[in-house]
Amino acid sequence: MTDFTSAARTATAALRDLFPQTPLQRNDYLSARYGADIWLKREDLSPVRSFKLRGAFNAMRKVRERLPDQTRFVCASAGNHAQGMAFSCRHFGVKGTIFMPITTPQQKIDKTRAFGGEFVEIVLTGDYFDRTLAAAKAWCETEGAHFLAPFDDEDVIEGQASVGVEILEQLGRAPDMVLLSVGGGGLASGVTKYLRTEAPNTQFRFVEPAGGASLRAALLAGRPMALDTVDGFVDGAAVARIGDAPFAALSWAFPDQVLMTPEDRICVTMVEMLNVEGVVLEPAGAMPITALQDLGPAIQGKTVVCVVSGGNFDFERLPEVKERAQRYTGLKKYMLLRLPQRPGALRDFLMLLGPDDDVARFEYLKKSARNFGSILIGIETKAPENFPRLFARMEEEGFAFRDITQDALLGEYLI
């Protein structure tokens, strides 16, 4: 046993003052689909619906042990880390100041305030997170508070390792493979650091959003480096630069152990898990399940644990998630249709639609001095193979059109 594994077990035991082990559940649906023994570590069922409480609690616990008079803490977060810190502040009876971007949804603000109660103050500042973070650190230095980092902190990493401790205790054996979401790297570094000692034969796969693969970039470069752009959809893992401490613990990994999942494909998993299993997942929490399809024969007959990192999902985002899932699976497409400006032209087009095709979007502006007008049209269908047949009928009838479903620039302005 190393000093780290001993500390991880101590952190796990201390967490029992806050909540019992999160469930490790075998999922029959996924197991049958992939021919494997698939287990879900349900961090979405923690008191704050994410694993972030573990690291925040452990870091605060250890600061309090070293500095009993430290009663003021501060963090910058728009999501799960804020809620984990708020919960910890109330548990320890200390004051927490939580800086959030002005653009933070009210639902997240309200949940953070509910977890912390009278022990937390929320400060809304900055349109972008980097400005929020700068304000939090400046305030921290002025007020003499302790800055509680979301992932780039050894005590936080140690707390996240408790997920690995519980997996071994609950499963009763070492899994063949563990899939972990990666954002800043705190969860992945903590769990792997523990399991590589206690379960040396377990393999790992790290899952990142395609629009924010900071671990893969760091492994290729040999050091953490900031991505030029980050897609913010997977808000729990949309991190431009993996933390220094997490990367130091993950630098042994190879780039091909990192699986990059398209954001739209993550949406498919979210919709499927909600409709089939009744499980609400946030995008980052759905990533390991999404990545199972990339492993194929490599996991058949194996015991695989997917760490479901969180379930803090704002249902106001559900229409966007459904839309992206439909587009990815080929069940919904958008077109620019060039329609003759004559009576009956629209009827002629509509007659081409099949029995499973439905018009979901229609925008048309007749321009008097032109022979043709442009229509933005969205069509939903029940099977993706219906679209090639529809397009063939349109071409036969002489309708000019352009499929813009995957056109990022036009989609941003028109869809």
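A pocket is an open set of grid points, with protein on both sides within 12 Å along at least five of seven lines, and its lining residues have an atom within 4 Å of a point. The model described here is predicted. Its largest pocket holds about 1500 Å³ of space, and the second largest pocket has a volume of about 320 Å³. The largest nonpolar core has 34 residues, and another core, of 33 residues, lies apart from it.

**Largest pocket**

- The lining of the largest pocket consists of 47 residues.
- Ala78, Phe129, Asp235, Ala238 and Val239 are the lining residues nearest the centre of this pocket.
- At least two lining residues come from each of helix H4 (80–92), helix H6 (129–143) and helix H9 (186–198).
- H6 contributes the most to the lining, with 4 residues.
- Sorted by class, the lining comprises 21 nonpolar, 17 polar and 9 charged residues.

**Second largest pocket**

- The second largest pocket has 14 lining residues.
- Nearest the centre of this pocket lie Asp264, Arg324, Arg327, Thr405 and Ala408.
- Helix H12 (263–277), helix H14 (318–328) and helix H17 (408–414) each provide at least two residues of its lining.
- H14 accounts for the largest share of that lining, 4 residues.
- The lining of the second largest pocket divides into 9 charged, 3 polar and 2 nonpolar residues.

**Ser88**

- Ser88 is part of helix H4.
- With a relative accessible area of 0%, Ser88 is buried, the cut-off for buried being under 20%.
- The Ser88 side chain reaches the backbone oxygen of Gly84 at 2.9 Å.
- Not counting residues up to four places away in sequence, Ser88 touches Leu53, Ala56, Phe57 and Met60.

**Nonpolar cores**

- In soluble globular proteins, nonpolar side chains tend to be buried together.
- Within the largest nonpolar core, the residues that touch the most other members are Leu180, Tyr194, Leu195, Phe206 and Leu215.
- Elements that each supply at least two residues of this core include helix H1 (3–15), helix H8 (162–171), strand S7 (177–181) and H9.
- Strand S8 (203–209), helix H10 (214–221), helix H11 (244–250) and strand S10 (303–308) likewise each supply at least two.
- Leaving aside neighbours within four places in sequence, Leu180 is in contact with Leu187, Ala188, Val191, Thr192, Phe204, Arg205, Phe206, Val207, Pro288 and Val307.
- Among the residues of the other core are Leu30, Val207, Ala286 and Leu292.

Methods:
Residues numbered from 1 in each chain as written. Predicted model: local features only at pLDDT ≥ 70, side-chain atom pairs only at ≥ 80, totals over all residues. Heavy atoms only, no water. 1 Å grid on protein atoms, 1.4 Å probe; cavity = no way out; pocket = protein on both sides within 12 Å on 5 of 7 lines; lining within 4 Å. Points joined across faces, edges and corners; volume = space filled by probe spheres on them. Nonpolar A, V, L, I, M, F, W, Y, C, P; charged D, E, K, R; others polar. Buried < 20%, exposed > 50% of the residue type's maximum accessible area, 1.4 Å probe, protein only. Polar contact = N/O pair within 3.5 Å; in protein donor to acceptor, adjacent residues only side chain to side chain. Contact = heavy atoms within 4.5 Å. Core = buried A, V, L, I, M, F, W, Y, C linked by side-chain atoms within 4.5 Å.
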